Amino acid sequence: LGALRAAPVALELPWPVPNGALALGLDPLSALFAAAVFALGLATAVFGAGYMRPHLAHRRVGGFALFFNVLVASMALVTVARQAVLFLVAWEVMTVASFLLVAFEHEDGAVRRAARIYLVASHLGAAALFALFLALGAAAGSLRFEAFAALRGAGLPAGLLFALAVIGFGTKAGLVPLHVWLPEAHPAAPSHVSALMSGVLVKMGVYGILRTLTFLPPPPLAHGLALGALGIVGAIAALALAATQRDLKRVLAYSTIENVGIIALAAGLGLAGAALGSPAVA
């Protein structure tokens, strides 16, 4: 608890990229999600060592292992990035690495189709993130997160920015109706990759929504109610769809969607409580 109350840790390194900066920071929100990344990353890596052993007899898995590690590293970088260009680079690396892991058994047509759906859906979501960061950057005069936080959305339509965040990050999170890729990619990926994607990759979308809230003015009641409604409708829909499945991994995929819906419901109720001035509800 003392560590969570400590001042945020920051690090900046040289990076000769136009409009870019290797600005890193660790605050309680980042630490919470980074801890989940590393904990589940370790567990899935240990399980995967045995899971992948049968593949050694008929294919190379060196590339697979490389992209597994790249995925864990990119998710960790997403949680600590403090500049928009760096964040988007980490986000894209995370997407491409997970796409290549999903497509591991690419000789199967169904796997190729699932990987393509995931890649297209991810980049449609990323387009909303580009719009979000461009709008914030133009208003703040900087692409650094501290400038966004200092601006607090002044002079910008907060509702539009919130919608862009929910669309862009909600696609990765698997929020209904932006979940179309998850029931396809989950069964196609090796089991430990499915676990990593369900456990933490989709939660990077949740992290993104929460991080964006620190860039905006205190959200009105309507934003909290909208996020909560999206969450509860998605959770109920995912439960109903899970009941019709016969493939266990598809059932688990819809379970992931349901769990993200519950998280969105909780976040929405928290925002609503804050808007109403009710700390107990928040």
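Is N19 buried or exposed? With a relative accessible area of 61%, N19 is exposed; here buried means under 20% relative accessible area, exposed means over 50%, and partly exposed is in between (1.4 Å probe, protein chains only). The model is a predicted one, so to speak of local features a pLDDT of at least 70 is needed, side-chain atom pairs count only at pLDDT 80 or more, and totals for chains, interfaces and linings use all residues. Residues are numbered from 1 along each chain as its sequence is written, and side-chain values use heavy atoms, with hydrogens and water left out.

N19 sits in the loop between β1 (9-13) and β2 (22-26). Helices (H or I, at least four residues) and strands (E, at least two) are DSSP runs, numbered from the N terminus. Most residues other than glycine have a negative phi, and most peptide bonds are trans. N19 is not a glycine, yet its phi is positive, about 65°. On the peptide-bond side, the link from V176 to P177 is cis, with omega near 10°. P177 belongs to the loop between α7 (158-173) and α8 (182-188).

Next come the aromatic rings. Rings of Phe, Tyr and Trp (its six-membered ring) pair if their centres lie within 6.5 Å; planes under 30 degrees apart count as stacked, over 60 as edge-to-face and the rest as tilted. Searching the whole structure turns up 14 aromatic pairs. One of them joins F33 and Y207, edge-to-face, at 5.4 Å centre to centre with 65° between the planes. F33 lies in helix α2 (residues 28-51) and Y207 in helix α9 (residues 191-213), so this pair ties together parts that are 174 residues apart in sequence. F33 counts as buried at 10% relative accessibility, and Y207 is buried too, with a relative accessible area of 0%.

F87 and F133 make another edge-to-face pair, 5.6 Å centre to centre and with 65° between the planes. This one also links distant parts of the chain: F87 is in helix α4 (residues 84-102) and F133 in helix α5 (residues 109-140), 46 residues apart. Both of these residues, F87 and F133, are buried. They also belong to one aromatic cluster, formed by F87, W91, F133, F145, F148, F169 and F215.

What caps the N-terminal end of α5? It is D108, with a side-chain oxygen 2.9 Å from the backbone nitrogen of A110. A polar contact is a pair of N or O atoms within 3.5 Å; within protein, one must be able to donate a hydrogen and the other to accept it, and residues adjacent in sequence count only if both atoms are side-chain atoms. At the start of α4, a side-chain oxygen of Q83 reaches to within 2.9 Å of the backbone nitrogen of V85. After α5 comes G141, with a positive phi near 75°. Within α5 itself, A135 counts as partly exposed at 25% relative accessibility.

Finally, there is the packing of helices. Axes are lines fitted to C-alpha atoms, for helices over the stretch in contact, and angles run from 0 to 180 degrees between N-to-C directions. Angles under 35 degrees count as roughly parallel, over 145 as roughly antiparallel, 65 to 115 as roughly perpendicular and the rest as oblique. A crossing is left-handed if the near helix is turned anticlockwise from the far one by less than a right angle, and right-handed if clockwise.

Helix α9 packs against helix α11 (residues 248-275) at an angle of about 20°, with the axes 11 Å apart. That makes α9 roughly parallel to α11, and their crossing is right-handed. The axes of α7 and helix α10 (residues 221-242) come within 12 Å and cross at roughly 20°, so α7 and α10 are roughly parallel as well; this crossing is right-handed. Helix α3 (residues 62-80) and α4 pack at about 150°, with axes 8 Å apart. α3 and α4 are therefore roughly antiparallel to each other, and α3 passes α4 in a left-handed crossing.
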